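Reader: Could you help me learn to read buried residues, aromatic pairs and nonpolar cores in a structure?

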Amino acid sequence: MAHRKLKDAILAAGELAVNVDPEEGQEVYTELCVRQRVYLSKDTYGIYSVRFSPDARHLAVGFGNGVVQVLNPETGTVARELPPGHRARQAVTAMSYYPKHTNILVTAGADGIICVYNMDTGWQAMTIKEEDNEIHALDFCCDASVYATAGKDRQIRLYDSRTSQIAKVFEAPDFKSNENLTLTSGHSRRIFALRFHPEERHIFLTGGWDNSVKVWAPSLSLCLSVCQPSPKGERDPLPAKYPTG
């Protein structure tokens with residue numbers, strides 16, 4: 001049954017095409033297609049993260065050996081490599097450009113290391129180590145004043161983007177003791193996703209191996225809501241509005 005559905009979907013996709021909107025005069029894409037292939041170095045141990053710069057002029061690609069290659073998305077050529085890779089480093093699992101300065105890139109890795117790069121010079125401006133952690137997610141808030149990281153140790157750290165000093169930490173709950181453990185007390189297993197609200201700098205979401213998505217308000221120092229699968233596989237709805245502090 002699954003094989004037949006997949007085959008039907010592929011055949012249906014093949015019948016789709018690119019149309020032109022007569023009113024707007026713009027192409028409307030109705031299919032997924034490979035518009036360009038970019039062939040990278042063969043000795044890079046796999047791709048773990050990608051991110052466009054805010055102006056879309058560069059595409060940063062993070063590899064399993066700690067290398068970040070910055071590509072020209074139009075030509076596929078490598079514009080810069082940060083830094084030269086070596087086997088001692090672990091995968092670059094998350095990265096984000098500074099929203100207000102397209103020449104600043106912040107990367108994070110499975111070794112718990114955060115690096116801040118100046119893209120114009122290739123200079124590594126700052127390095128931070130989160131001890132005993134594997135960082136899986138990183139994102140800036142909408143006004144670029146703060147960026148956050150999350151990963152294996154289940155703690156969520158907010159950094160002042162000007163100094164890269166920790167501004168706030170949401171501590172992981174002690175789920176083994178079950179003391180004061182509630183749905184809104186934090187993740188019970190490692191976190192793999194984190195994203196700030198595109199307009200509200202006080203709001204961000206996280207998701208992880210505990211099968212839940214949590215909504216946080218740093219200004220209130222608490223988790224506001226949780227979305228978890230129901231026994232029937234449905235999702236509990238998130239509240240429509242959140243306090244923003």
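Reader: Is Tyr147 buried or exposed?

Author: Buried means under 20% relative accessible area, exposed over 50%, and partly exposed in between, using a 1.4 Å probe and protein chains only. Tyr147 has a relative accessible area of 1%, so Tyr147 is buried. Tyr159, also at 1%, counts as buried. This is a predicted model, where local features need pLDDT of at least 70, side-chain atom pairs count only at pLDDT 80 or more, and totals for chains, interfaces and linings use all residues. Residues are numbered from 1 along each chain, and side-chain values use heavy atoms, without hydrogens and water.

Reader: Why is the pair of Tyr147 and Tyr159 called stacked?

Author: Rings of Phe, Tyr and Trp (its six-membered ring) pair if their centres lie within 6.5 Å; planes under 30 degrees apart are stacked, over 60 edge-to-face, and the rest tilted. Here the centres are 5.1 Å apart and the planes at 15°, so Tyr147 and Tyr159 are stacked. Together with Tyr98 and Phe140, they form one aromatic cluster.

Reader: And what about nonpolar cores?

Author: In soluble globular proteins, nonpolar side chains tend to be buried together. A nonpolar core is a set of buried Ala, Val, Leu, Ile, Met, Phe, Trp, Tyr and Cys residues joined through side-chain atoms within 4.5 Å. The largest one here has 14 residues, and Leu158 and Phe196 are among those with the most contacts inside it.

Reader: Which residues does Leu158 touch?

Author: Contact means heavy atoms within 4.5 Å. Leaving aside neighbours within four places in sequence, the contacts of Leu158 include Tyr147, Phe170 and Pro218.
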